[in-house]
Amino acid sequence: MEGCLPQSASVGLPNRKSKKVSPFRGPDDFIPASVHRLSGSNESVSTHVRIPGRFPCCLSHNQSGIIRIRVITLSYINMAAQAIPFKLTSTAIPISEDGKYTYNQVALLIPHESLRREMNRAHSVLQTFDPINHPWQALYLNIWLKEFFVPCVHEHHDLEETILTPEMRKLNIETPDHMNGAHKSLLESLNNLEKFSSEVLTLARTGAQAELMTEKVNELKTCYNEMHDHMMEHFHAEEEFWSVAITKVPEKEWARIENKIKNTVQKVKSGEMFLCSILDSMGYCFKNYSFRPEDTRWTGEDGIKIILGDVPYPVRAFIFPGFNKRYQRYKTLITAIGGDRDVLNLYRTDGTEQAGCACVIA
Ligand SMILES: [Fe+2]
């Protein structure tokens, strides 16, 4: 067993509850596929194990030799995020293996990586969207679109139109017409999407005929897919254009524009939810809710510091967890559509709905 403990795996996470006794020698049943000693001390007996397909556990035993198994939650998940490879959803900016990007790239990646990941989740679950057999899915999609996704996209486009474009114009950087024009047609698509989503929900609640329902669901899916493709192309064009344009203005001027955007976004209604989505795409672990490894993250601690650098500690410690809990609810709503269960227990046939607590996903 001792040979299974790679000394190089030490990452210095102390476990103060552990007793200083001999290394774990459990029955063979407990020998995991990989074992990592996480304590910085060679004398520690606390051993974190990763059994494929199971929860990570911490094995330790007291002086009587009684083995205790503790499922690792937050400390492990925080550590796990460190090991997840970086991934970029951008098609315009080349991936950096270490998750580090230049300031002109980061400016685009911060909002776009977040929105693209949200859209990819929706795109994926809509493949199996089936409100005929699972009417609650219509409710989940409707809430996610109206309360979260559409407001975030509106705010993002508004910032580009009211601050980025005019400020850059003052510095003789003119946005190509086709990029500005795209916002108008994208917003029309979002309006249609909300309309179709409401109609599907109404049909689901009234128990409409399957034929009528199928027709409306297909309209909704077609509308979403068109919007999705258009938005992805638009983000690509923006990243190609702005990542170069930003380097053409003095860095000091760009910092001023960025600050103006930052100050504005803090005051908009969907700002907190958008911020949580941005941090989620970066793999940031909040106090009580954690990054889900399957999503992967696009940047490391440096990127997170850019976002959190100006935020005072009390806000991070006491206010962000509340924002994040609300955000995790939206994330749960969209991901749950890919399953077959009303995980938040929201749907009521009488048309009412429960608030639905995100605690179930903690
Ligand atoms: Fe954009």
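**Helix packing in the predicted model**

H3 passes H4 in a left-handed crossing. This arrangement belongs to a predicted model. The axes of helix H3 (residues 136-170) and helix H4 (residues 177-206) come within 10 Å and cross at roughly 165 degrees. Angles over 145 degrees count as roughly antiparallel, and H3 and H4 are therefore roughly antiparallel to each other. On the H3 side, the contact is formed by Ala138, Leu139, Leu141, Asn142, Leu145, Lys146, Val150, Val153, His157, Glu161 and Thr165. Their partners in H4 are Asn180, His183, Leu187, Leu190, Leu193, Glu194, Ser197, Ser198, Val200, Leu201 and Ala204. By class, the contact of H3 with H4 comprises twelve nonpolar, seven polar and three charged residues.

The loop between H3 and H4 contains Asn172. Asn172 is not a glycine, yet its phi is positive, at about 65 degrees. This residue, Asn172, has 8 other C-beta atoms within 10 Å and is exposed.

The buried residues in H4 are Leu190, Leu193, Phe196, Ser197, Val200, Leu201, Leu203 and Ala204. Several of these also take part in the contact with H3, among them Leu190, Leu193 and Ser197. Cover for the buried residues of H4 includes H3 and helix H5 (210-245). Gly207 follows H4 and has a positive phi, near 65 degrees.

The axes of H2 and H5 come within 11 Å and cross at roughly 165 degrees. That angle makes H2 roughly antiparallel to H5. The crossing of H2 and H5 is left-handed. From H2, the contact draws on Asn104, Gln105, Leu108, His112, Arg116, Met119, Ala122, His123 and Leu126. From H5, it draws on Lys221, Tyr224, His228, Met231, Phe235, Glu238, Glu239, Trp242 and Ser243. Eight nonpolar, six polar and four charged residues make up the contact of H2 with H5.

Asn104 lies in helix H2. With 20 other C-beta atoms within 10 Å, Asn104 is buried; the cut-off for burial is 20 or more. Leaving aside residues up to four places away in sequence, Asn104 touches Ser243, Ile246 and Thr247. Asn104 and Thr247 are 143 residues apart in sequence, but their C-alpha atoms are 6.6 Å apart in space.

Helix H7 (residues 271-282) was examined in the same terms. At 1.5 Å a residue, its twelve residues should span 16 Å. The end C-alpha atoms of H7 are 17 Å apart, which agrees. Ten of the twelve residues of H7 are buried, so this helix is largely enclosed by the rest of the structure. The buried set consists of Met273, Phe274, Leu275, Cys276, Ser277, Ile278, Leu279, Asp280, Ser281 and Met282. Elements covering these residues include helix H2 (103-126), H3, helix H8 (301-308) and helix H9 (313-336). Just after H7, Gly283 takes a positive phi of about 85 degrees.

Glu301 is placed in helix H8. Glu301 has 12 other C-beta atoms within 10 Å and is exposed. Met282, by contrast, is among the buried residues of H7. Glu301 and Met282 are 19 residues apart along the chain, and 8.4 Å separates their C-alpha atoms.

Beyond H9, the following segment contains Asn345. Asn345 is a non-glycine residue with a positive phi of about 55 degrees. It has 13 C-beta neighbours inside 10 Å, and Asn345 therefore counts as partly exposed.

For the chain as a whole, the secondary structure comes to nine helices and four strands. Read along the sequence, the pattern is β-β-β-β-α-α-α-α-α-α-α-α-α. Of the 362 residues of the chain, 31% count as buried. Among contacts between residues at least 6 apart in sequence, 71% join residues at least 24 apart.

Methods:
Residues numbered from 1 in each chain as written. Predicted model: local features only at pLDDT ≥ 70, side-chain atom pairs only at ≥ 80, totals over all residues. Axes fitted to C-alpha atoms, helices over the stretch in contact; angles between N-to-C directions. Helix = DSSP H or I, 4+ residues; strand = E, 2+ residues; numbered from the N terminus. Parallel < 35°, antiparallel > 145°, perpendicular 65-115°, else oblique. Left-handed = near helix turned anticlockwise from the far one by under 90°. Contact = placed C-beta atoms within 7 Å. Nonpolar A, V, L, I, M, F, W, Y, C, P; charged D, E, K, R; others polar. Expected span 1.5 Å × (residues − 1).
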